[in-house]
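Work through the exercises below with the sequence and the model side by side. Each task is followed by a solution in steps.

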Amino acid sequence: MSNAKSDLKILVVGGTGYVGRRIVKASLAQGYPTHILQRPATEIGLDIEKLQMLLSFKKQGAHLVEGSFSDIQSLVNAVKRVDVVICTMSGVHFRSHNLLLQLKLVEAIKQAGNVKRFLPSEFGLDPARMGHALEPGRVTFDEKMVVRKAIEEAKIPFTYVCGAAFGGYFAGNLSQMGTLVPPKDKVLIYGDGNTKVSLMDEDDIATYAIKTIDDPRTLNKTLYLLPPENLLTQRQLVQIWENLVGKKLEKMSISKDDFLVSMKGMDYAGQVGVGHFYHIFYEGSLTNFKIGEEGEEASKLYPEVKYTRMDEYLKVYA
């Protein structure tokens, strides 16, 4: 029996990706009829991990819908089967980077004419607040704004989910670049380490995203992921870790200027990463604003969601 508030049918595009697989799980958990776009056999090839994940979701009750970005009519046909489309294409450069492919999805949604809500691939820094962003990392925000413009010009109902640093990339490693696990002895602190950052378990991001799809309060608005107990400075994050493991780490601070200099000589993906870290940890771009009429805050709208605190999140790394 469905425990969803409605029988809205959801299509997840990118359902085997880092965020997408969590969106699928959250959609199924909240009882929505869940569809996943599946690429045709010629495109999947021998990618057995993705295929087996899709089949696993099918066993859990999801519906697999074939469609390809090289065939707009297949996308239109897929979209016509559902009420809500959620896209989770990667916007980071050390993985695939396909944000502008969403323009084809926007065109398919426009042609289909039946979609009640579209959630494009967002989830991180709000691109509408990143007009000042550094090169080359600003391409992520510029492309997201191109997609937003297309959505709004097509008058497609939307919700933008923004504002979190993914725990797997920013918390488990104590915000160290180039690693996914906590340092054993020394930790690099950005500036004074006192800039507030919104750190979230990726499963919670997905839960909040699904909560928005039938909520009139989030229609044509931005949902900001700023749960108060997860607004932490880097020093607070390190202290949580130190308390967990019973050991003090040596702290080395790097100034804003030295951090930016470190970008030189890096490959393109590295330079993009440094730029994004700079905006998050030196400027505080995840938290340095007041939410106006354009948005809502997730934990205020959905107090029933028991989001994971970082002391709990970090336990698995200890």
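**Exercise 1.** Find the residues that Y208 is in contact with, leaving aside its neighbours within four places in sequence.

Solution. Contact means heavy atoms within 4.5 Å. With the sequence neighbours within four places set aside, the partners of Y208 are M200, L223, L225, A298, S299, Y302, V305 and Y307. The model is predicted: local features need pLDDT of at least 70, side-chain atom pairs count only at pLDDT 80 or more, and totals for chains, interfaces and linings use all residues. Residues are numbered from 1 along each chain as its sequence is written, and side-chain values use heavy atoms, with hydrogens and water left out.

**Exercise 2.** Describe how helix 5 and helix 6 lie relative to each other.

Solution. First take the axes, which are lines fitted to C-alpha atoms, for helices over the stretch in contact, with angles from 0 to 180 degrees between N-to-C directions. Those of helix 5 (residues 102-112) and helix 6 (residues 138-153) come within 10 Å and cross at roughly 10 degrees. The two helices are therefore roughly parallel, a label for angles under 35 degrees. Next, list the residues: Q102, L103 and V106 in helix 5 meet V146, V147, A150 and I151 in helix 6.

**Exercise 3.** Is Q102 buried or exposed?

Solution. Q102 is placed in helix 5. Its relative accessible area is 1%, so Q102 is buried. Apart from neighbours within four places in sequence, Q102 is in contact with C87, M89, F118, P120, S121 and V147.

**Exercise 4.** Work out which way the side chains of strand 6 point, and how strand 6 and strand 10 run.

Solution. From strand 6 (residues 159-162), T159 and V161 point one way and Y160 and C162 the other way; all are buried. Four bridges join strand 6 to strand 10 (residues 221-224), and the two run parallel. V161 has L223 in strand 10 as its bridge partner.

Key: Angles under 35 degrees count as roughly parallel, over 145 as roughly antiparallel, 65 to 115 as roughly perpendicular and the rest as oblique. Buried means under 20% relative accessible area, exposed over 50%, partly exposed in between (1.4 Å probe, protein chains only). Two strands pair if DSSP finds at least two bridges between them.
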